[in-house]
Amino acid sequence: PSASRTAPNTFYHGIHADIVCMQEVQIDVWSDLFGKLEEYYPIGILQNVTSAKRRNHTIGTAILLHKDCPYNHVVRVESRSRALIVVLQHRHQQRKREKTACTDAADAAGDEHAAPHHQQHHTSSFLYVATVHLDADKPNLALSDPKRLFHQQQRQRQLHSLLKRIALHCRLDGYLGGMCTP
């Protein structure tokens, strides 16, 4: 049986991860798989594999969020040819915004005990999650074979592209220079 068809049994036997990143999810069984996991993982995001370019794909990547995951608000989803990027926001973000507004007001009033401005924003408010299905290695080829080298370089390019996309999402969320640290 496929991994997608047997995965629910794995989840029922003690795995309690807040976020599960899946690869090689069979598209035709996703709704059945998600339906079995939905009680504990009510948010499931499947990579979009329906574009004209990827029309014949039968597998994709997926991300599941546990019902108790503190990062349970999906801000953005980006589905790429080999990757799924999900930007999540902490459930208590609204309270942090209210505190920041109060601290900003204290700064404006000259309160020297207020936290520095750069420490107020984005503190653990966003989480960037990606799952990727890279081109397979060609272990049956010699290490020096040009085809194997091409595939190794292709994987490196795919990861480089993924990191650039994550940096873009960081910039969209106000992180300076695209770095995912405040």
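Me: Buried means under 20% relative accessible area, exposed means over 50%, and partly exposed lies in between. With that rule, and with the model before us being a predicted one, is Glu-78 buried or exposed?

Reply: The relative accessible area of Glu-78 comes to 12%. The limit for a buried residue is under 20%. Because 12% falls below that limit, Glu-78 is classed as buried.

Me: How many residues apart in sequence are the parts that the pair of Glu-78 and Arg-165 ties together?

Reply: Arg-165 counts as partly exposed, at 26% relative accessibility. Glu-78 belongs to strand S4 whereas Arg-165 belongs to helix H5, so their pair ties together parts of the chain whose separation in sequence, in residues, is 87.

Me: Which strands stand at the edges of the sheet that contains S4?

Reply: The sheet is an open one of 3 strands, paired in the antiparallel sense, with the order S4-S5-S6. Two of these strands each have a single partner strand, so one side of each is left without a neighbour in the sheet. The strands placed in this way are S4 and S6.

Me: Which helix lies across S4, S5 and S6?

Reply: The helix in question covers residues 146-172 and runs at about 160° to S6.

Me: Why is the pair of Phe-126 and Tyr-175 edge-to-face?

Reply: A pair of aromatic rings is described by the distance of the centres and the angle of the planes. Planes that are over 60 degrees apart count as edge-to-face. The ring centres of Phe-126 and Tyr-175 are 6.4 Å apart, and the pair is edge-to-face because the angle between the planes is 80°.

Me: Which residues form one aromatic cluster?

Reply: The pair of Phe-126 and Tyr-175 links strand S6 to the segment after H5, so parts that are 49 residues apart in sequence are tied together. Tyr-128 and Tyr-175 make a further edge-to-face pair, with centres 6.3 Å apart and planes at 75°. Phe-126 counts as buried at 15% relative accessibility, as do Tyr-175 at 5% and Tyr-128 at 17%. The cluster consists of Phe-126, Tyr-128 and Tyr-175.

Me: How many of the 7 residues of S3 are buried?

Reply: Strand S1 (residues 19-26) runs antiparallel to S3 and is joined to it by 6 bridges, with Val-25 standing opposite Gly-60. Strand S2 (residues 43-46) also pairs with S3 in the antiparallel sense, over 4 bridges, and here Ile-45 stands opposite Ile-63. S3 is mostly covered, and of its 7 residues the number that are buried is 6.

Me: How far apart in space are Asp-68 and Ala-17, C-alpha to C-alpha?

Reply: Asp-68 sits in the loop between strand S3 (59-65) and strand S4 (73-79), and its relative accessible area of 44% makes it partly exposed. Leaving aside residues up to four places away in sequence, Asp-68 touches His-16, Asp-18 and Arg-91. Although 51 residues separate Asp-68 from Ala-17 in sequence, their C-alpha atoms are at a distance of 9.4 Å.

Notes. Residues are numbered from 1 along each chain as its sequence is written. This is a predicted model: local features need pLDDT of at least 70, side-chain atom pairs count only at pLDDT 80 or more; totals for chains, interfaces and linings use all residues. Side-chain values use heavy atoms; hydrogens and water are left out. Helices (H or I, at least four residues) and strands (E, at least two) are DSSP runs, numbered from the N terminus. Buried means under 20% relative accessible area, exposed over 50%, partly exposed in between (1.4 Å probe, protein chains only). Contact means heavy atoms within 4.5 Å. Two strands pair if DSSP finds at least two bridges between them. Axes are lines fitted to C-alpha atoms, for helices over the stretch in contact, and angles run from 0 to 180 degrees between N-to-C directions. Rings of Phe, Tyr and Trp (its six-membered ring) pair if their centres lie within 6.5 Å; planes under 30 degrees apart count as stacked, over 60 as edge-to-face and the rest as tilted.
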